[in-house]
Amino acid sequence: MALDAGSISLLIGLAVLLILLAVLFTFVPVMLWISALAAGVRIGIFELVGMRLRRVIPARVVNPLIKAVKAGLDLSTSKLEGHYLAGGNVDRVVNALIAAQRANIDLSFERAAAIDLAGRDVLEAVQMSVNPKVIETPFIAGVAMDGIEVKAKARITVRANIDRLVGGAGEDTVIARVGEGIVSTIGSAENHKRVLENPDMISQTVLSKGLDAGTAFEILSIDIADIDIGKNIGAELQTDQAEADKKIAQAKAEERRAMAVAKEQEMKAKVEEMRAKVVEAEAEVPMALSEALRQGHMGVMDYMNYQNIMADTDMRGSISKATDEDSSNPKNN
């Protein structure tokens with residue numbers, strides 16, 4: 001059956017109305033507006049539209065606002081929207097404010113927003129203020145005055161300091177400061193037995209130094225969880241020193257030996273030099289004799305007497321040498 005012009009116009013009008021309603025419900029969070037009105041939060045429909053235009057997800061602002069109003073907090077939509085636009089986590093800030101109110105902790109929205117924008121978990125900080133956290137250090141080694149190494153492990157109970165969360169140092173700084181205090185306390189002990197007998201002296205000394213200054217925490221207690229004996233550092237240092245002294249002495253002895261060997265070689269060279277001079281002088285004797293004979297300063301008989309004397313001297317030397325060899329031979333005794 002054919003439709004008349006009036007029916008077609010009615011169907012077109014209904015389609016356009018459905019499209020407009022779909023666009024309206026998509027762009028305008030009507031259900032969120034109804035939820036806010038049901039929770040007693042007064043927020044205008046055009047304000048929600050404005051959030052859409054400012055590229056703010058309305059649910060990220062309205063739902064935390066409903067939560068805050070139900071908890072009795074006095075927050076405005078503009079504050080939450082401004083924190084969202086700044087890149088903060090609105091839901092986490094509101095949860096932290098509710099937790100702080102329940103725990104009677106003075107925490108304003110501005111401070112909570114600043115802590116959140118600084119990159120810290122403001123809700124975790126509030127929870128840590130109520131329920132302190134325990135930080136355990138690794139084994140920290142110190143050397144007592146008697147040279148014995150002492151290793152200690154500490155448990156640090158800390159509570160978050162809301163006022164210093166922005167700009168305050170973190171857990172690593174607390175652990176480093178406590179470790180420095182443990183090393184200093186062990187190093188000032190006269191002997192390691194005193195540290196083993198009174199491990200609480202470490203915690204008392206370290207705690208009295210105010211190590212939480214400038215940090216985001218407040219140190220409640222420092223307890224020594226474990227303590228142990230390490231190496232005898234003093235004995236090892238003495239052994240290393242003795243070994244070094246030994247090497248130095250050996251080097252000096254080797255230097256003296258080398259100098260003695262060089263001196264000996266030098267003296268041998270001098271002896272050979274003197275022998276060469278003697279041989280050179282002896283070589284001049286026949287020349288001097290021949291020159292004396294030539295010039296008539298020496299006769300033939302004088303030369304013969306000189307030869308006889310030399311032969312007699314050689315004979316006496318041979319006899320003396322043979323006698324010495326016979327007396328030194330044990331077979332002839």
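Analyst: **Salt bridges and their surroundings**

The count comes to twelve salt bridges, where a salt bridge is a side-chain nitrogen of Lys or Arg within 4 Å of a carboxyl oxygen of Asp or Glu. The model is predicted, so local features need a pLDDT of at least 70 and side-chain atom pairs count only at pLDDT 80 or more, while totals for chains, interfaces and linings use all residues. Residues are numbered from 1 along each chain as its sequence is written, and side-chain values use heavy atoms, leaving out hydrogens and water.

One of these bridges joins the side chains of D116 and R92, with 3.0 Å from N to O. Because D116 belongs to helix α7 and R92 to helix α6, the pair ties together parts that are 24 residues apart in sequence; helices (H or I, at least four residues) and strands (E, at least two) are DSSP runs, numbered from the N terminus. D116 counts as buried because its relative accessible area is 6%, whereas R92, at 28%, is partly exposed. Here buried means under 20% relative accessible area, exposed over 50%, and partly exposed in between, with a 1.4 Å probe and protein chains only.

Helix α7 spans residues 109-117, and its buried residues are F109, A112, A113, I115 and D116. They fall within an arc of 160 degrees when seen down the axis of α7, so they line one face of the helix; the arc is that of the directions from the helix axis to the C-beta atoms. The buried residues of α7 pack against α5 (77-85), α6 and α8, and just after α7, G119 takes a positive phi of about 95 degrees.

From helix α6 (residues 90-102), L97 is a residue to look at. L97 counts as buried because its relative accessibility is 7%, and, leaving aside neighbours within four places in sequence, L97 is in contact with L73, L75, L107, S108, F109 and A112, contact meaning heavy atoms within 4.5 Å. In helix α8 (residues 122-130) there is S129, which is buried at 14% relative accessible area and which, with the neighbours within four places again left aside, is in contact with I105, R159, A160 and I162.

A second salt bridge links E136 with K153, the closest N and O atoms being 3.6 Å apart. Since E136 lies in strand β1 (residues 133-136) and K153 in strand β3 (residues 148-160), this pair ties together parts 17 residues apart in sequence. E136 itself is partly exposed, at 41% relative accessibility.

Over residues 234-284 the chain is 100% helix and 0% strand, and the end C-alpha atoms are 75 Å apart. E254 forms a salt bridge with R257, where the closest N and O atoms are 2.8 Å apart. Both E254 and R257 lie in helix α12 (residues 233-295), three residues apart, which is about one turn of the helix. An α-helix has 3.6 residues a turn, so residues three or four places apart point the same way. E254 is partly exposed, at 43% relative accessible area, and R257 is partly exposed too, at 47%. Elsewhere, salt bridges that share partners join E136, K153 and R155 into one network.
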